[in-house]
Amino acid sequence: MKRHLMMALTMSLLASGCGADDEGIVITDARVGKPLTANTAMYFTATNQTDQADRLIAVRTDVANRVELHISSMSDDGVMTMNRQTDFSVDAGADLVLEPGGRHLMLLDVDILEVGDTVTVQVEFDRAGTIEVEAVVVEPGTAGSG
Amino acid sequence: MVMAALVLSAILTISACAGPPRFGGSDGELTGVVIDPPRPKPDFTLTDLDGDEFDFAAETEDKLALIYFGYTSCPDICPVHLAQLAEVFDLNSDVARESLVIFVTVDPDRDTPDVLRDYLANFDKRFIGLTGTEAELEVAQRAVGVPVAFRETDDDEYLVAHAGQVVVFAPDGLSYSEYPFGTRQSQWLIDLPILLERTDET
């Protein structure tokens, strides 16, 4: 009996460790810088818990007229540029990290938002479909990790 | 089992004794990107938000001057530098008193004086906004030693590619270091007090 219990426990532990295949894509830490002009940036981490690569292809929110996928990058001579992308890919089991100075979402023609407000955002992936998340509005320039 | 526990506790003890993380620049060295030899402060004149002439060298004499070229519609990069510097001002009153943070727009068409004033007030009301003609702004960027900004797109919501670094001039009039995007808050708190001490008297 005891042995069966141990086996059952082991099995359930294994199952919880490997059962990620059906959990889709999970979005965490969604935040928006308080807009100071007609645009602002949004960041989050999307964890692809499936066994297939996926692509973030569109983002919509009621508080912005348009949301674009951008990558900020620095050239060899120190110029920061932003380049619009058609998608952000995320490998199976990997994280898509949106953060200042790298991949991010640019909200254009955005409403007035205050720190602490929450914004509902629909994030569309090619395979996983649309995921709705709540992003919190933070002080401008403080959306990074440090 | 006991052995394993001993090894584990030894590892934990060692890691706990390693002390706080150290960011480069120990022993009073700068952590920013060092400029060697130090670059002298250039002469150029722009316009402040009241419409008055701002002679960079004269206005920043004997001060710690931090200059950054950006624009208010820049959603990703510019707010990070400004938020970091606003926090440094909150944390170090000596630096706040003796420093001038100067934000020069590279988008003078959209960044009117009122737009710039409102934008900077979101970070720290002591920050100084400057503007100028396209030609004056180009002269200023070349003089400070940063790449000249340019429009990336032609539409109404155009983006501007611009230098990512904050350039700092010590009170003695020399620039010893600059700070690209990605500079950590802790680096500012290490470097600015060091640079503040570099006066003509030292």
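At 24% relative accessibility, B:Arg110 counts as partly exposed. The model it belongs to is predicted. B:Arg110 forms a salt bridge with B:Asp107, and the closest N and O atoms of the two are 2.7 Å apart. Over all chains, the count comes to 18 salt bridges, and one of these lies between chain B and chain A.

- About 2000 Å² is buried between chain B and chain A, and carbon and sulfur atoms hold 60% of it.
- On the side of chain B, the residues that lose the most area to chain A are B:Pro75, B:Asp76 and B:Glu157, which together make up 27% of what that side buries.
- The contact draws on 28 residues of chain A and 27 residues of chain B.
- There are 11 residue pairs in polar contact between chain B and chain A, counting pairs with both residues at pLDDT 80 or more.
- Two elements of chain B, α3 (78–91) and β8 (160–163), each give two or more residues to the side that touches chain A.
- That side of chain B divides into 15 nonpolar, eight polar and four charged residues.
- Strand pairing also crosses between the chains: β5 of chain A (residues 79–85) and β8(B) run antiparallel and are joined by two bridges.
- Within this pairing, A:Met80 has B:His162 of β8(B) as its bridge partner.

**Salt bridge across the contact and its network**

- B:Glu157 forms a salt bridge with A:Arg66, with 2.9 Å between the closest N and O atoms.
- B:Glu157 is also one of the three residues of chain B that lose the most area to chain A.
- A:Arg66 counts as partly exposed because its relative accessibility is 33%, which lies between the limits of 20% and 50%.
- A:Arg66 forms a salt bridge with A:Glu68 as well, and here the closest N and O atoms are 2.7 Å apart.
- A:Glu68 has a relative accessibility of 8% and therefore counts as buried.
- A network of salt bridges links A:Arg66, A:Glu68, A:Arg84 and B:Glu157.

**Salt bridges within chain B**

- In the pair of B:Asp107 and B:Arg110, B:Asp107 counts as buried because its relative accessibility is 2%.
- B:Arg110, at 24%, counts as partly exposed.
- B:Arg126 and B:Asp124 form another salt bridge, whose closest N and O atoms are 2.9 Å apart.
- B:Asp124 is at 9% relative accessibility, so it counts as buried.
- B:Arg126 is at 45% relative accessibility, so it counts as partly exposed.

**Make-up of chain B and its strand β5**

- Chain B has seven helices and 10 strands.
- Of the 202 residues in chain B, 50% are buried.
- Among contacts in chain B with a separation of 6 or more, 71% are between residues 24 or more positions apart.
- Strand β5 of chain B (residues 99–105) is mostly covered, with seven of its seven residues buried.
- One face of β5(B) holds B:Ser99, B:Val101, B:Phe103 and B:Thr105, the other holds B:Leu100, B:Ile102 and B:Val104, and both faces are covered.
- β4(B) runs parallel to β5(B), and seven bridges join the two.
- In β5(B), B:Ile102 stands opposite B:Ile67.
- β5(B) also pairs in the parallel sense with strand β6 of chain B (residues 128–131), over three bridges.
- The bridge partner of B:Phe103 in β6(B) is B:Gly129.

**Backbone features**

- The peptide bond from B:Asp36 to B:Pro37 is cis, with omega near 0°.
- B:Pro37 is placed in strand β1 of chain B (residues 33–40).
- A:Asp29 is not a glycine, yet its phi is positive, at about 60°.
- This residue, A:Asp29, lies in strand β1 of chain A (residues 25–33).
- A:Asp29 counts as exposed because its relative accessibility is 53%, and the cut-off for exposed is over 50%.
- B:Asp62, also not a glycine, has a positive phi of about 65°.
- The loop between α2 (56–59) and β4 (64–70) of chain B is where B:Asp62 lies.

Key. Residues are numbered from 1 along each chain as its sequence is written. Chains are lettered from A and ligands numbered from 1 in the order in which they are written. This is a predicted model: local features need pLDDT of at least 70, side-chain atom pairs count only at pLDDT 80 or more; totals for chains, interfaces and linings use all residues. Side-chain values use heavy atoms; hydrogens and water are left out. Contact means heavy atoms within 4.5 Å. Buried area is the accessible area (1.4 Å probe) that two parts lose on being put together, summed over both. A salt bridge is a side-chain nitrogen of Lys or Arg within 4 Å of a carboxyl oxygen of Asp or Glu. A polar contact is a pair of N or O atoms within 3.5 Å; within protein, one must be able to donate a hydrogen and the other to accept it, and residues adjacent in sequence count only if both atoms are side-chain atoms. Helices (H or I, at least four residues) and strands (E, at least two) are DSSP runs, numbered from the N terminus. Ala, Val, Leu, Ile, Met, Phe, Trp, Tyr, Cys and Pro count as nonpolar, Asp, Glu, Lys and Arg as charged, and the others, Gly among them, as polar. Two strands pair if DSSP finds at least two bridges between them. Buried means under 20% relative accessible area, exposed over 50%, partly exposed in between (1.4 Å probe, protein chains only).
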